Amino acid sequence: MNIREAGIDEGISEVIVTSRSAVGTFNAAPIGIITTTNGHFVKLYKGSRTLSNVTETDKLAANVTCDAVLFVKAAFEKLDKSHYSALSGFPVLKEAQSGIIFRAVLEEKSGVYSIFQLTPIAVKINWNELKAINRGLNAVIEATILATRYKMTRDEREQEELKKEMVHYADIVEKCGGRREKDAIEILNEKFFT
Ligand SMILES: Cc1cc2nc3c(=O)[nH]c(=O)nc-3n(C[C@H](O)[C@H](O)[C@H](O)COP(=O)(O)O)c2cc1C
């Protein structure tokens with residue numbers, strides 16, 4: 001199955017991964033889908049709900065989107081049910097440009113992370129939105145990654161460094177971002193600077 005048309009190409013594709021627990025609770029989180037000449041993979045760090053869901057159900061969905069607010073909300077809030085629809089009976093995000101369901105097979109496990117090999121089993125392209133590179137969007141993604149690291153560390157010096165870097169990205173959003181990017185950085189600001 002060729003999923004390039006659905007937006008997943010070589011390198012690391014930053015998407016929102018939706019998953020489901022054994023008892024049927026939905027989850028969404030920003031995750032990188034790693035694509036090499038050997039196939040598609042995901043590296044999930046210990047402690048995330050995504051990892052526990054994928055371990056329970058052997059499946060995940062990659063949702064391709066350029067919506068900065070959706071990335072920040074998926075990282076730090078629980079998306080309510082209205083965001084989800086079903087693809088082959090699995091939860092995907094309604095607002096995404098495409099959704100790809102993968103079967104996930106554990107390939108490597110350490111004390112810190114688990115790597116799964118991914119095989120696509122269903123694809124849905126909702127719309128092809130052309131969007132030029134926007135540095136504001138890239139900066140939101142970088143700032144959100146820093147914010148998820150901030151949440152995981154207790155080292156105060158590291159937290160200060162991360163905050164400094166986040167301010168740098170917030171400045172880029174201010175200069176280059178559109179409304180969605182500015183709204184997204186505002187949510188991060190509220191969570192980390194107030
Ligand atoms: C752009 C982006 C990419 C990320 N990629 C990964 C990843 O590949 N693996 C991972 O374990 N966490 C990744 N994270 C961090 C998770 O999104 C974060 O830990 C999240 O809180 C996990 O949520 P969950 O507990 O609902 O699964 C990424 C975060 C961002 C913003």
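Predicted model: local features only at pLDDT ≥ 70, side-chain atom pairs only at ≥ 80, totals over all residues.

In which pocket does the ligand sit? It sits in the largest pocket, where a pocket is an open set of points on a 1 Å grid over the protein atoms alone, with protein on both sides within 12 Å along at least five of seven lines, and sitting there requires more than half of the molecule's atoms within 2 Å of its grid points.

Residues are numbered from 1 along each chain as its sequence is written, and side-chain values use heavy atoms, without hydrogens and water.

Around the ligand there are 18 residues (each with a heavy atom within 4 Å), and among the closest are Pro30 and Tyr45. Turning to polar contacts (N or O pairs within 3.5 Å), a polar side-chain atom of Thr50 is 2.6 Å from a ligand oxygen, and a backbone N or O atom of Gly32 is 3.1 Å from a ligand oxygen.

Finally, because domain 1 (11-125) and domain 2 (135-192), with bounds from an automatic or database assignment, both give residues to this shell, the ligand lies between them.

Technical notes:
Polar contact = N/O pair within 3.5 Å; in protein donor to acceptor, adjacent residues only side chain to side chain. 1 Å grid on protein atoms, 1.4 Å probe; cavity = no way out; pocket = protein on both sides within 12 Å on 5 of 7 lines; lining within 4 Å.
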